[in-house]
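Keep the viewer open as you read.

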Amino acid sequence: MNIVLVEPEIPPNTGNVARLCAATKSVLHLIEPFGFKLDDAQLKRAGMDYWQQVKWHRWKNWGEFASAHGAYAARFWFIESGGPRIYSQVKFLPEDYLIFGRETAGLPKQLLEQHRDRWLRIPMFNEHSRSLNLSNCAALVLFEALRQQHFANELR
């Protein structure tokens with residue numbers, strides 16, 4: 001699986017997602033600009049010593065990332081509030097890309113509208129709660145995708 005963070009802003013969230021990727025052998029894609037420096041102490045602390053175990057890529061912007069992946073030939077899933085389908089209603093494949101936006105702004109609305117068929121949401125139940133934590137969202141959706149694949153290659 002692939003986890004994509006578009007313009008992440010909060011170092012501990014990115015570190016937690018890196019740790020998640022290490023534990024699940026998922027590839028992490030970080031798309032600039034970042035709201036922190038990659039040598040940020042909080043980023044390293046949240047990722048602990050897992051950074052050496054993470055296969056990750058750094059991209060200068062969305063355009064570079066998208067063009068490197070065959071002009072959307074890869075299966076991209078955009079996870080953002082307001083999506084027409086719940087994340088558990090789709091069939092994930094092992095090479096899919098789970099794409100998450102900035103903590104304060106989410107994914108660009110234009111990108112979401114261009115890909116409504118790939119726009120997924122996580123259900124919310126309290127109208128006063130704006131969103132869930134980015135690293136929690138990544139874990140929820142990634143583990144649903146892995147569950148659908150019967151947790152292939154799990155260590156026992």
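Is helix α1 mostly covered or mostly uncovered, and how many of its 14 residues are buried? Before the answer, some ground rules. This is a predicted model, so local features are reported at pLDDT of at least 70 and side-chain atom pairs at pLDDT 80 or more, while totals for chains, interfaces and linings use all residues. Residues are numbered from 1 along each chain as its sequence is written, and side-chain values use heavy atoms, with hydrogens and water left out.

Back to α1: the helix is mostly covered, with ten of its 14 residues buried. Buried here means under 20% relative accessible area, exposed means over 50%, and partly exposed is in between, using a 1.4 Å probe and protein chains only. Helices (H or I, at least four residues) and strands (E, at least two) are DSSP runs, numbered from the N terminus. The buried set in α1 includes Pro11, Asn13, Thr14, Val17 and Cys21. From first C-alpha to last, α1 reaches 20 Å, close to the 20 Å expected at 1.5 Å a residue; that expected span is 1.5 Å times one less than the number of residues. Just after α1, Lys25 takes a positive phi of about 55 degrees.

Now look at what is packed inside. In soluble globular proteins, nonpolar side chains tend to be buried together. The largest one has 30 residues, and the members touching the most other members are Ile3, Leu28, Leu98 and Phe100. At least two residues of this core come from each of β1 (2-6), α1 (11-24), β2 (27-31), β4 (76-79), β6 (97-100) and α5 (134-148). The biggest contribution is from α5, which gives seven residues.

Met124, Leu132 and Leu140 make a nonpolar surface patch of about 230 Å². Patches are made of residues with over 30% relative accessible area and no salt bridge, with like charges joined within 9 Å and nonpolar side chains (Val, Leu, Ile, Met, Phe, Trp, Tyr) within 5 Å; the areas come from the Shrake-Rupley method with a 1.4 Å probe, and for residues only the protein chains shown count as cover. Leu140 lies in helix α5 and counts as partly exposed because its relative accessibility is 36%.

Next, the charged pairs. Side chains of opposite charge can pair when their charged atoms come close. Calling a salt bridge a side-chain nitrogen of Lys or Arg within 4 Å of a carboxyl oxygen of Asp or Glu, the count comes to six. One of them joins Arg102 to Glu7, with the closest N and O atoms 3.6 Å apart. That pair links distant parts of the chain, 95 residues apart: Arg102 sits in the loop between β6 and α4 (109-114), and Glu7 in the loop between β1 and α1. Arg102 is partly exposed, at 30% relative accessible area. Arg102 also meets Glu9 in a salt bridge, at 3.9 Å from N to O. Here the partners are 93 residues apart, with Glu9 in the loop between β1 and α1. Elsewhere, Glu113 and Arg116 form a salt bridge at 3.4 Å, N to O. Through shared partners, salt bridges join Glu7, Glu9 and Arg102 into one network.

Finally, a few backbone details. The peptide bond from Glu32 to Pro33 is cis, with omega near 0 degrees, and Pro33 lies in the loop between β2 and α2 (41-47). In the segment after α5 you'll find His150, which has a positive phi of about 60 degrees although it is not a glycine. His150 counts as exposed because its relative accessibility is 70%. Asn153 lies in the segment after α5 and has a positive phi of about 70 degrees, although it is not a glycine. At 78% relative accessibility, Asn153 counts as exposed.

Technical notes: Core = buried A, V, L, I, M, F, W, Y, C linked by side-chain atoms within 4.5 Å.
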